[in-house]
Amino acid sequence: MGFTTGILLFDDAEELDFVGPWEVLTSAAMLEPEDKVVTIAERSPVRCAKGLRVLADFGLADAPPLDVVLVPGGQGTRREVSNPALIAWLREVGARCRYVTSVCTGTLLLHEAGFAKGRRVTTHWGFVETLRKRGDVTVLDDVRYVRDGNLITAAGVSAGIDMALWLVGQLHTPELARKVQRYIQYDPAPPYAADV
């Protein structure tokens, strides 16, 4: 049996927040052909944070049933948190998903939809305090991703790749996740220290 992952897109979504997991999940689907990864947006095309334009596969109304929903971050989350149509869709679809996931500030939308309330999550380091101030959530920092039940949240852009690899290991096997990691040659070794 295959799994369908839906990646929610919106204007000003951060590109690597969804493209990194997309690469992992579609690479897994090459090895598990029953798996599908689709993009979903209220309006299409979507203009992302750095200018990439994306044509979504589906709108909110015609998206297929999902096993996993993934919400990226980016400046657009600050606007979309007040979008009742998008939040209602996320609340309804996520309630039926095996896993509800986010990268970076996508956690803000999961909190607004009710999934992160009363749970442990993470987000981008620069947004930790803002999310904590929303209340009824435990925001962890200095971690790559956090799992609390079926809710998985990742910190910044590259942490979304880690989360997606973990997800492949849960949906299928750790062995498949290792094959995907090798296939995409994901073995990060940043050339400079990030301390500032």
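Here is a short chat about ring pairs and cavities in this predicted model.

User: What makes Y99 and W166 an aromatic pair, and why is the pair called edge-to-face?

Analyst: Ring centres have to lie within 6.5 Å to pair, and those of Y99 and W166 are 6.1 Å apart.

User: Why is the pair of Y145 and W166 called tilted?

Analyst: Stacked needs planes under 30 degrees apart and edge-to-face needs over 60. The planes of Y145 and W166 stand at 45°, with centres 6.2 Å apart, so the pair is tilted. Y145 belongs to strand β9, so this pair ties it to helix α6, 21 residues apart in sequence.

User: Why does Y145 count as partly exposed?

Analyst: Buried means under 20% relative accessible area and exposed means over 50%. Y145 comes in at 30%, so it is partly exposed.

User: What makes Y99, Y145 and W166 a cluster?

Analyst: Ring pairs link them, and the structure holds 2 such aromatic pairs.

User: How do you know how the lining of the second largest cavity divides by class?

Analyst: F3, T5 and D35 are among the residues lining that cavity. The whole lining divides into 6 nonpolar, 2 polar and 2 charged residues, around a space of about 60 Å³.

Technical notes. Residues are numbered from 1 along each chain as its sequence is written. This is a predicted model: local features need pLDDT of at least 70, side-chain atom pairs count only at pLDDT 80 or more; totals for chains, interfaces and linings use all residues. Side-chain values use heavy atoms; hydrogens and water are left out. On a 1 Å grid over the protein atoms alone, a cavity is a set of points where a 1.4 Å probe fits but cannot get out, and a pocket is an open set with protein on both sides within 12 Å along at least five of seven lines; lining residues have an atom within 4 Å of a point. Grid points are joined across faces, edges and corners, and a volume is the space filled by probe spheres set on the points. Ala, Val, Leu, Ile, Met, Phe, Trp, Tyr, Cys and Pro count as nonpolar, Asp, Glu, Lys and Arg as charged, and the others, Gly among them, as polar. Rings of Phe, Tyr and Trp (its six-membered ring) pair if their centres lie within 6.5 Å; planes under 30 degrees apart count as stacked, over 60 as edge-to-face and the rest as tilted. Helices (H or I, at least four residues) and strands (E, at least two) are DSSP runs, numbered from the N terminus. Buried means under 20% relative accessible area, exposed over 50%, partly exposed in between (1.4 Å probe, protein chains only).
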